[in-house]
Amino acid sequence: MLRNLKFALNSAWQSFWRNLAVSLAAVLSITLILILAGINLLVGHALSQVLDGFRAKVSEISINVSDDTPLQSVYDFEQVLTADPRVASVRFITKDEALAQFKADPQNVVFAQQIEGNPLDAKLEVHVKNLSDVAGIDTVARRWSGVDPTDPTNYQGDFVNRMLELSSWLSLAGVALLLILMLVSVVIVMNTIRTAVYHRRKEIEVMKLVGATEWFVRGPFVIEGIMTGLIAASIALALLVVAYPPAVDRFKSDIGFIPLSYDPRFITILAQDLLLAGALLGALGSYIGVRRYVRI
Amino acid sequence: MGYTARDLATRARRRVTPQQETQPMVLTPDFESRPVISFQRVFKTYPTGTEALRDINLEVPEGDFLFLVGPSGAGKSTVVRLLIREEKPTKGKIFVDGIELGRMKRRKLPYYRRKVGLVFQDFKLLPNLTVYENVAFALRVLGEPDQHVRDRVAEALDTVSLSAKENTYPANLSGGEQQRVAIARALVHAPRFIIADEPTGNLDPATAWEIMQLFLRINARGATVVMATHNREIVDLLRRRVVAIDAGQIARDDRSGRYHDDVAKPQVRAQ
């Protein structure tokens, strides 16, 4: 077994160097593809980071309380909300607290100096468990007698729904793109390995005649494919790791409102994904490429 | 597994001939025992519609030395291809060593091929490997341990008298030497069957004769030899079993035959 592996590794290595031009072309193409795949993963990750922040924000709804609502009524409604299974937590914020919060925000410094009295409503800040339940809570709130009729809640249903829809479309597009990229790299490996098979057809013929098993014939090619995939994945990974932090910085300054951040933990995940993908794509491509020719 | 004297004794009776000093030992196969190769009503039609073999019945006892003769396109090569299971019969059964080749599973095929040593007209040596490596290749493919490979290759090269050229590349060898390397490779895993397709086809008469001596010696050690050939001189000189194939059928099967049927083709003997 070990001897066979040694033989396979040796011939894979030889074959890789013997057809260096073709091997390098394959490595380069797959590197490009894996870089694209890596960017896809990184963008997807950044997007989900942004969405997570966004979700946390929109899973909160604040219900504005009209000034003439008796405090008891507010407490009663708070009880009703707390008892609702969809609700995670409820917090009552008085008019004074609301004003203090408003003034504390540095963005509002100038504006805060100009207001007199307290134009702000008291509010109930409700945290729902599921983002999709925000709409339900909004309906409940609007039916409540104590709600401020001019500005009942801060819920912007359409916006939330559209964001959610967009994010699911984006992840679908990401997956589709990944699939296409993988298909292309399998085809590239397949053709590279066919060239290698062509160069070694005499050897394969002799192997079959002296009684080599199909896996013995196939092994070196599959290893060559894995090697091609791994080399390409390493190069792609190195480039992505180098380019990731500056790219994040660049985008951060361009589009400040999106909370993009450099996530070093994701590098490990990216490395695993790319190396695994490289090895698997290489193995699959060469297996398919060589299958027909090693049939005894 | 090598062939011991006892193997030889049990496999065949020796026929002592006056030329034993100069000619290799000759075995008489036991035609009464169960054949190791048997074709039973074998037909082969290629997908193109070419009818290569029609109703072939053939039995080869262990230790036999059989020449397959006949004009080009008669079906000799098809018999060889069927024997090494490159092709399956369209109809009929082929048994080798108790295995029915047509029904053998594909993954068993490599193990069957290891029982067979193959020699071809075009040698099929790997040009980027030395003589030693070419012979060793047949064992490496089987995953044999290094020491074992070294011993067996040395033995096989000694048998074909090429020990001195083990580091030479095939391109620097004569045709006869290349064929001897191919024979060493066919021998190195001690196969029970040697199947040769025109092994002397590319060689001059003297070299062809040398190669034949080798095959006879291998046969004398107990291996069953089936050889497709066009070499009339050798067939006529050796007077071994001759199976003549013509238009896909067995035209003649003589235990001690000649290349041409003398009665049918007297003009050949006249020259």
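Predicted model: local features only at pLDDT ≥ 70, side-chain atom pairs only at ≥ 80, totals over all residues.
Residues are numbered from 1 along each chain as its sequence is written, and chains are lettered from A in the order in which they are written. Local features need pLDDT of at least 70 and side-chain atom pairs count only at pLDDT 80 or more, while totals for chains, interfaces and linings use all residues.

**View 1. The contact between chain A and chain B.** Chain A brings 15 residues to this contact and chain B brings 15 residues; two residues are in contact if their C-beta atoms, placed from the backbone, lie within 7 Å. On the side of chain A that touches chain B, α1 (2-18) and α8 (201-209) each supply at least two residues. Helices (H or I, at least four residues) and strands (E, at least two) are DSSP runs, numbered from the N terminus. The most comes from α8(A), with six residues. Sorted by class, this side of chain A has eight nonpolar, three polar and four charged residues. Ala, Val, Leu, Ile, Met, Phe, Trp, Tyr, Cys and Pro count as nonpolar, Asp, Glu, Lys and Arg as charged, and the others, Gly among them, as polar.

**View 2. Two crossing helices of chain A.** The axes of α2 (residues 20-58) and α10 (residues 264-294) of chain A come within 11 Å and cross at roughly 145°. Axes are lines fitted to C-alpha atoms, for helices over the stretch in contact, and angles run from 0 to 180 degrees between N-to-C directions. Residues of α2(A), including A:I30, A:L34 and A:H45, meet residues of α10(A), including A:F266, A:D273 and A:G278. Nine nonpolar residues, three polar and one charged make up this contact.

**View 3. An open sheet in chain B.** Its four strands follow the order β4-β3-β6-β7, with antiparallel pairing; two strands pair if DSSP finds at least two bridges between them. β4 (51-60) and β7 (99-100) of chain B each have a single partner strand and stand at the edges, so one side of each has no neighbour in the sheet. Strand β6 (residues 91-96) of chain B is joined to β7(B) by two bridges, and B:V96 has B:I99 in β7(B) as its bridge partner.

**View 4. Strand β11 of chain B and its partners.** Of the six residues in β11 (residues 241-246) of chain B, five are buried. A residue is buried if 20 or more other C-beta atoms lie within 10 Å of its own, exposed if 12 or fewer, and partly exposed in between, with C-beta atoms placed from the backbone. Strand β5 (residues 65-69) of chain B pairs with β11(B) in the parallel sense over four bridges, and B:L66 stands opposite B:R241. The pairing of β11(B) with β12 (residues 249-254) of chain B is antiparallel, over five bridges; here B:V243 stands opposite B:D253. Two residues lie between the strands of this hairpin, where B:A247 takes a positive phi near 50°.

**View 5. The nonpolar cores.** A nonpolar core is a set of buried Ala, Val, Leu, Ile, Met, Phe, Trp, Tyr and Cys residues joined through C-beta atoms within 7 Å. The largest has 116 residues, and A:L34, B:L68, B:V135, B:A184 and B:I194 have the most contacts inside it. Helix α9 (residues 214-254) of chain A gives the most to this core, with 13 residues. Beyond its neighbours within four places in sequence, B:A184 is in contact with residues including B:V135, B:A156 and B:L162.
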